[in-house]
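Work through the exercises below with the sequence and the coordinates at hand. Each task is followed by a solution in steps.

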Amino acid sequence: MSNEIQLQKKRKTSLGDFYWAHADILRGAGVSEAGYDQRILAFMALKLLMDNGKLKFNFEYDNQFGLSEVEYLKYKGKSSKETFANLLNDLPELGQNLRYFEQEAKYNPGVYKTVLSYFNHHSVFPIDSYLNELEDHYFEMILDIYIEKADFTNFPKEQYKDLYERTIARMRSKFAGELVGQHFTQKSIIHLMCEYALRRIKNKKHIAIYDPTCGTGSMVMESAYYFRNKLPKAKIEVFGQEMNGKVWFLSKIFLEICPWDGGIQGISNIIAFGNTLTRPAFADKINGDDSFDFIIANPPFGVDWKQDYEEIVKNMASDTPHFLVVNDGKKFITPRKSDGQFLFMMQIVRLLTAERTRGKHAIAAVISSSTLCSTGSETGSESKIRRKIFEEKVVTGLLEQPNAMFTNTDIGTHIWFFDNAQSKTIRLVRADNSEKPLYSPHPAAQDKMRNTYSDENITELVNILHEPEPREYVAQSIPAEGRHAINIQTEIGKREEIDTVDLDELEAQIIRELDLLIQNLKPNE
């Protein structure tokens, strides 16, 4: 068979289960399952760039990696694997058509501005070590898989932002790597959070969206699309921070290759690498004075932060703290070291008040576990932090979501709504209430995610969140002052369910039981 026929055979336009095929080769090569996800995502990241015209070479090792003769000779090694390693070592020079892959070095893992410089990096994908563990024939088999089963050339652009979640979801049930424990925020929740913000702004020409725990950027990206659809003339930029280098790199890719309106350019963005709690890239402000800031976040639940305790408390004591400072006169109040959710909340509130000082309007929508607004005793740390947050009068609403809204957790969750314009009251709403459920069955339920919000649900929920009047068993407005905890179910109440009795059936049941009793009392014949 000629090389040309072989190449035609490899060039398919479908997207198959490249993850399982890649995993099978890694298994044969003796690689631990815990490392499958990062290796698979590394090759997926390269293929995404290649198929979107962002790199000058491709995976076709038997066709000079798609290079001209002159370029190929520059990188040619003793084997396909060595040639590939040479290409990766010069990756910044082999990028093309990239618009947002350069950002100030302070946002990156090292001293270089070009994001491509960090692909083969110990904080991202140390691909040299991935290659060293593979014999040449295994390496070529992996490239064949991505040529045959991972053609992203005609992949729908609007689905790129879901690709990572889909890939991780496929691997989650079997692998046990560092990335597969993540849970993702479905679009309907993001749309609800954005619609709430839209009701509070009008005709903004410049919108800056920020996610302090942005992952692959799916929340800021979906928010950008939502605002673009509603405010087509607005300039939209996204900002975020992510501490997992692999995920950080993927977020830059997705934002680069997902264009507006079928165009070729991605979404204007700065995504910082690093720990938001100890090295926040946007500690004082998100963007310029002319922008409206929208903070959207789903911080990780139950993250242990005791290793950062001293650094965080030191920052709280500084002249420029990154957190809302809570001090009882003796010490700085911090949440439990086993759960860092409140720390992200304290950072967000600090940002909101800082923007207010600058004269800017800013809104935030933040997902938390349902225990965050009520856990602990009245004199406990969490209660003192909540009291301080409520005293700032930036919490405008709390929505209790139904269960089963996430793929790999059915934990109860709330959405906190903030506005730095200040509010004396907090609007409480229950989506899963005893009067009228404000959610719907998910049309494509998977894993533990069975529920969603329809467009009608979103419209009604946002209307309820913005109205002041109580709705029996659905919504209630309460004063923010003097609160240290909020139990939404208790505040709103629940309709008492009265069991109805079918008298005819009850009579029939009594007769049956009496007949049985009489039969048992008869003497044996």
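A charge sits over a ring if NZ of Lys or CZ of Arg is within 6 Å of the ring centre and within 35 degrees of the ring normal. The model is predicted, so local features need pLDDT of at least 70 and side-chain atom pairs pLDDT 80 or more, while totals for chains, interfaces and linings use all residues. Residues are numbered from 1 along each chain as its sequence is written, and side-chain values use heavy atoms, with hydrogens and water left out.

**Exercise 1. A charge over a ring**

Find which residue lies over the face of Tyr-309, and at what distance from the ring centre.

Solution. The residue is Lys-337. Its distance from the ring centre of Tyr-309 is 4.3 Å.

**Exercise 2. Strands around β2**

Describe how strand β2 is paired and what connects β1 to β2.

Solution. Strands (E, at least two residues) and helices (H or I, at least four) are DSSP runs, numbered from the N terminus. Two strands pair if DSSP finds at least two bridges between them.

Step 1: take the β1 side. Strand β1 (residues 206–211) runs parallel to β2, joined by six bridges; His-206 stands opposite Lys-235 of β2.

Step 2: take the β3 side. Five bridges pair β2 with strand β3 (residues 269–273), again in the parallel sense. Here Gly-240 faces Ile-271 of β3.

Step 3: β1, helix α10 (residues 218–230) and β2 form a right-handed β-α-β unit. Right-handed means that, with the strands pointing away from the viewer, the path from the first strand over the helix to the second runs clockwise.

Step 4: check burial, where buried means under 20% relative accessible area, exposed over 50% and partly exposed in between (1.4 Å probe, protein chains only). In β2 (residues 235–242), seven of the eight residues are buried. The buried residues of α10 include Met-219, Val-220, Tyr-225 and Phe-227.

**Exercise 3. The length of α10**

**Exercise 4. Aromatic pairs**

Classify the pairs Phe-43 with Phe-84 and Phe-119 with Phe-125.

Solution. Step 1: rings of Phe, Tyr and Trp (its six-membered ring) pair if their centres lie within 6.5 Å; planes under 30 degrees apart are stacked, over 60 edge-to-face, the rest tilted. The whole structure holds 26 aromatic pairs.

Step 1: the centres of Phe-43 and Phe-84 are 6.3 Å apart and their planes are at 5°, so this pair is stacked. Because Phe-43 lies in helix α3 and Phe-84 in helix α5 (residues 80–89), the pair ties together parts 41 residues apart in sequence. Phe-43 is buried at 2% relative accessible area, and Phe-84 at 0%.

Step 2: Phe-119 and Phe-125 lie 5.5 Å centre to centre with 50° between the planes, and the pair is tilted. Phe-119 is buried at 1% and Phe-125 at 0%.

**Exercise 5. Positive phi**

State where Gln-64 and Gln-422 lie, and how exposed Gln-64 and Gln-422 are.

Solution. Gln-64, not a glycine, has a positive phi of about 60°. This residue is in the loop between α3 (36–51) and α4 (69–75) and is partly exposed at 23% relative accessibility. Gln-422 has a positive phi near 75°, sits in the loop between β7 (413–419) and β8 (425–430), and is partly exposed at 45%.
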